[in-house]
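Subject: Structure handover

Hello,

Here is the structure I promised. Please open it alongside this note.

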Amino acid sequence: MILAIDTATRWAGLALHDGTAVIAEHGWRCLNNHTIEMTPAIADMLKRAGVEPADLSGIAAAVGPGSYTGLRVGLAVAKGISLAHQLPLVGVPTLDIVAHSFSESNNPLVVMAEAGRTRLCAGLYRWQGRKGWRSDSQPLIASLTDVLATLAAEPITFTGEITPAAAKQIRAAHK
């Protein structure tokens with residue numbers, strides 16, 4: 001049983017995977033309350049799923065990019081559980097988490113997360129058959145205008161933390 005923890009953005013997420021399927025998940029708009037909401041949410045999800053911490057075989061945690069405070073809280077909780085129960089701990093990049101939630105597509109996928117100071121962290125992904133979504137470059141940290149300027153004129157799917165104003169700008173740039 002793997003416990004997954006994602007606190008990289010203003011949305012927090014937890015999931016339990018039994019090796020075959022997700023058996024429990026919980027996501028909520030956390031804003032900047034990760035510190036007070038994360039451990040009670042984990043305890044509640046484990047209880048509802050009938051899972052004891054001793055039943056866990058590993059922990060997976062988002063490692064960013066994302067909110068410094070959110071990441072710090074999620075990684076500290078993950079490391080604490082891992083150390084207390086002698087479980088392996090695996091870090092998973094935030095943009096990869098979002099990309100892998102999408103189905104197969106011939107169109108490239110751009111995943112965005114807020115990076116602060118009106119900047120975004122954006123990763124370009126392409127479907128690689130059985131390997132799923134893969135990025136062959138480092139994420140770009142830039143303004144939305146600069147991110148859009150780096151993209152080819154082809155149909156692209158955008159996802160992640162996108163404000164209504166950013167969605168309007170994306171639509172205007174990719175007609």
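Below is what turned up, grouped by region.

This is a predicted model: local features need pLDDT of at least 70, side-chain atom pairs count only at pLDDT 80 or more, and totals for chains, interfaces and linings use all residues. Residues are numbered from 1 along each chain as its sequence is written, and side-chain values use heavy atoms, with hydrogens and water left out.

**Helices α1 and α2**

Helices (H or I, at least four residues) and strands (E, at least two) are DSSP runs, numbered from the N terminus. Helix α1 covers residues 34-49. Helix α2 covers residues 68-85. Axes are lines fitted to C-alpha atoms, for helices over the stretch in contact, and angles run from 0 to 180 degrees between N-to-C directions. The crossing of α1 and α2 is right-handed; that means the near helix is turned clockwise from the far one by less than a right angle, and left-handed means anticlockwise.

Contact means heavy atoms within 4.5 Å. On the α1 side, H34, T35, M38, T39 and I42 take part. They meet G70, V73, V77 and I81 of α2. By class, this contact has 5 nonpolar, 4 polar and no charged residues. Ala, Val, Leu, Ile, Met, Phe, Trp, Tyr, Cys and Pro count as nonpolar, Asp, Glu, Lys and Arg as charged, and the others, Gly among them, as polar.

Is H34 buried or exposed? H34 counts as buried, at 2% relative accessibility. Buried means under 20% relative accessible area, exposed over 50%, and partly exposed in between (1.4 Å probe, protein chains only). Leaving out residues up to four places away in sequence, H34 touches T7, T9, A12, G70 and V73.

**Helix α5**

Helix α5 spans residues 164-173, and its buried residues are A166, A167 and I170. These cover an arc of only 100° around the axis, so they sit on the same side of α5. The arc is that of the directions from the helix axis to the C-beta atoms. The buried residues pack against β6 (109-116), α4 (144-149) and β10 (157-160). The face turned away carries the exposed residues P164, A165, K168, R171 and A172.

Q169 also lies in α5. At 31% relative accessibility, Q169 is partly exposed. Q169 touches L144, T145 and L148, not counting residues up to four places away in sequence.

**The aromatic pair**

A search of the whole structure gives 1 aromatic pair. The rings of W127 and W133 have centres 5.4 Å apart and planes at 80°, so the pair is edge-to-face. Rings of Phe, Tyr and Trp (its six-membered ring) pair if their centres lie within 6.5 Å; planes under 30 degrees apart count as stacked, over 60 as edge-to-face and the rest as tilted. W133 is buried at 3% relative accessibility, while W127 is partly exposed at 27%.

**Backbone points to check**

Most residues other than glycine have a negative phi, and most peptide bonds are trans. L31 is not a glycine, yet has a positive phi of about 55°. L31 lies in the loop between β3 (22-29) and α1. T118 has a positive phi of about 60° and lies in the loop between β6 and β7 (119-127). The peptide bond from G64 to P65 is cis, with omega near 10°.

Best wishes
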